[in-house]
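Try each task before reading its solution.

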Amino acid sequence: MAKRVILVCFLVLVPAVSFAQPEISFRSLTYDFGIVFGKDRVEHVFSFLNKGDRDLIIKKLVPS
């Protein structure tokens, strides 16, 4: 009987855990800096939220 309970718990919990994922959501994906002259420094902050149900871990960022 105990083996069946463990098996049922395993079969119910494994799919639920395997579908839990982070989901990143940005307010905007682009930003127009206009015309930039010479060595002017320009900045913009891209705001985002994790709408998923797991931790969102950002390991590396690179410019495209």
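**Exercise 1. Find which residues make the nonpolar surface patch of about 1,100 Å².**

Step 1: In this predicted model, local features need pLDDT of at least 70, side-chain atom pairs count only at pLDDT 80 or more, and totals for chains, interfaces and linings use all residues. Residues are numbered from 1 along each chain as its sequence is written, and side-chain values use heavy atoms, with hydrogens and water left out.

Step 2: Recall the patch rule: members have over 30% relative accessible area and no salt bridge, with like charges joined within 9 Å and nonpolar side chains (Val, Leu, Ile, Met, Phe, Trp, Tyr) within 5 Å. Accessible areas come from the Shrake-Rupley method with a 1.4 Å probe, and for residues only the protein chains shown count as cover.

Step 3: Read off the members: Ile 24, Phe 26, Leu 29, Tyr 31, Phe 33, Val 36, Val 42, Phe 46, Phe 48, Ile 58 and Leu 61.

**Exercise 2. Characterise the two aromatic pairs.**

Step 1: Rings of Phe, Tyr and Trp (its six-membered ring) pair if their centres lie within 6.5 Å; planes under 30 degrees apart are stacked, over 60 edge-to-face, and the rest tilted.

Step 2: The structure holds two aromatic pairs. In one of them, the ring centres of Phe 26 and Phe 48 are 5.7 Å apart and the planes meet at 50 degrees, so this pair is tilted. It links distant parts of the chain, with Phe 26 in strand β1 and Phe 48 in strand β2, 22 residues apart. Between their C-alpha atoms the spacing is 4.3 Å.

Step 3: Tyr 31 and Phe 33 form an edge-to-face pair, at 4.9 Å centre to centre and 75 degrees between the planes.

Step 4: Phe 26 is partly exposed at 36% relative accessibility, and Phe 48 is partly exposed at 40%. Tyr 31 is partly exposed at 43%, and Phe 33 is partly exposed at 38%.

Step 5: Leaving aside neighbours within four places in sequence, Phe 26 is in contact (heavy atoms within 4.5 Å) with Phe 46, Ser 47 and Phe 48.

**Exercise 3. Which residue forms a salt bridge with Arg 41?**

Step 1: Look for a side-chain nitrogen of Lys or Arg within 4 Å of a carboxyl oxygen of Asp or Glu.

Step 2: The structure holds one salt bridge. Glu 43 is the partner of Arg 41, and their closest N and O atoms are 2.9 Å apart.

Step 3: Both Glu 43 and Arg 41 are exposed.

**Exercise 4. Where is confidence lowest, and where is it highest?**

Step 1: pLDDT is the predictor's confidence in each residue, from 0 to 100. The protein averages 84, and 80% of the residues score at least 70.

Step 2: Helix α1 (residues 2-19) has the lowest confidence, with a mean of 67, and β2 has the highest, at 95.

Step 3: Where pLDDT is low, predicted coordinates should not be read in detail.

Methods
Buried < 20%, exposed > 50% of the residue type's maximum accessible area, 1.4 Å probe, protein only. Helix = DSSP H or I, 4+ residues; strand = E, 2+ residues; numbered from the N terminus.
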